[in-house]
Amino acid sequence: MCQFCTQHGDGKIWYKNAANYSQDLLADLERRKYIENFLSSAFSEGFQTLGRLETIFRKKGKLPDAVKAAMLKKAKAEHFGQVLPIEEIADVVTRAATIVRMPCACRWNIAKKEEQCCYAVSYGPEAWYNDIDMSYFGKAQNEGLETLSAEAAVSQMRAMEEQGAVHTIWTMMTPFIGAICNCRPEDCLAMLTLSRTAVETMERAEQVAAVDASLCTGCGLCEEACHFQAIDSHKRHGMSHAHIDPSKCFGCGLCRRVCSAGAITMISRS
Ligand code: SF4
Ligand code: SF4
Ligand code: SF4
């Protein structure tokens, strides 16, 4: 189990703990204020900060420990994510009372292009997402949130996975869980932070991918699909089959999706 399960799981995986979606957490005024300013503080400022950190990383080969620790402390307290395979995402979505789809804040920040791949969920009558400042996307306050069923949301997320998207859940001031994202390495703030500064602002899934070597043909498609460089499918000892490094695997399940031999399963990380 991850650090969040220990701190916020109450004996369960933390995102299965109903307390982390509760309306009591939403009543917290500090959290309401955070949500109002969320898009500009987490994304506009987040991308600016990433630019500065990337410069340091390039010069020194790593971030100073104190900078890294401060980044992680802030991310874990405010907006922290976890990668989830699709079956776990489907479980989170189908338990929600209401679901809306909204534009992706990262892609808007980078390209001012609207792509509807973020989902906000609410587990009670009061929906936190109504307080989001939609002027970030150049929209009026009552524009840009599209209500949809759990079934439709999961089906859209499966289609995005077909295009290589990684599913993630996010806190709105931890431990309150509110958002589900479908991210690509080239424009997701968290994935760019990982690739450009080696700082992990999201947890790995509670699952990890495993290969059944007796089924693997060594085609290499899983290695191509993995955004986290966790798979090596090169020949070893005259044999060719995929090797997954569990210490690098984030548990997204993209490799399982592309494996037509059915050689990859997701197993518990612990
Ligand atoms: S975390 Fe992913 S889906 Fe969410 S805003 Fe960023 S790129 Fe878009
Ligand atoms: S996609 Fe499947 S068959 Fe191909 S190398 Fe990966 S595990 Fe083996
Ligand atoms: S090995 Fe598979 S499950 Fe793990 S990060 Fe790579 S694609 Fe995702």
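Visitor: How many helices and strands does the chain have?
Guide: This is a predicted model, in which local features need pLDDT of at least 70, side-chain atom pairs count only at pLDDT 80 or more, and totals for chains, interfaces and linings use all residues. Residues are numbered from 1 along each chain as its sequence is written, and chains are lettered from A and ligands numbered from 1 in the order in which they are written. Helices (H or I, at least four residues) and strands (E, at least two) are DSSP runs, numbered from the N terminus. The chain has ten helices and 13 strands.

Visitor: Which residues of helix 7 are buried?
Guide: A residue is buried if 20 or more other C-beta atoms, placed from the backbone, lie within 10 Å of its own, exposed if 12 or fewer, and partly exposed in between. Helix 7 has exposed residues Glu-151, Ser-155, Ala-159 and Glu-162 on the face turned away from its buried side. The buried residues are Ala-153, Val-154 and Met-157.

Visitor: Within what arc do the buried residues of helix 7 fall?
Guide: The arc is that of the directions from the helix axis to the C-beta atoms. Seen down that axis, the buried residues line one face of helix 7, because they fall within an arc of 95°.

Visitor: What is the phi of Gly-164?
Guide: Gly-164 follows helix 7. Its phi is positive, near 95°.

Visitor: What share of the residues in the chain is buried?
Guide: The chain has 270 residues. Of these, the buried residues make up 40%.
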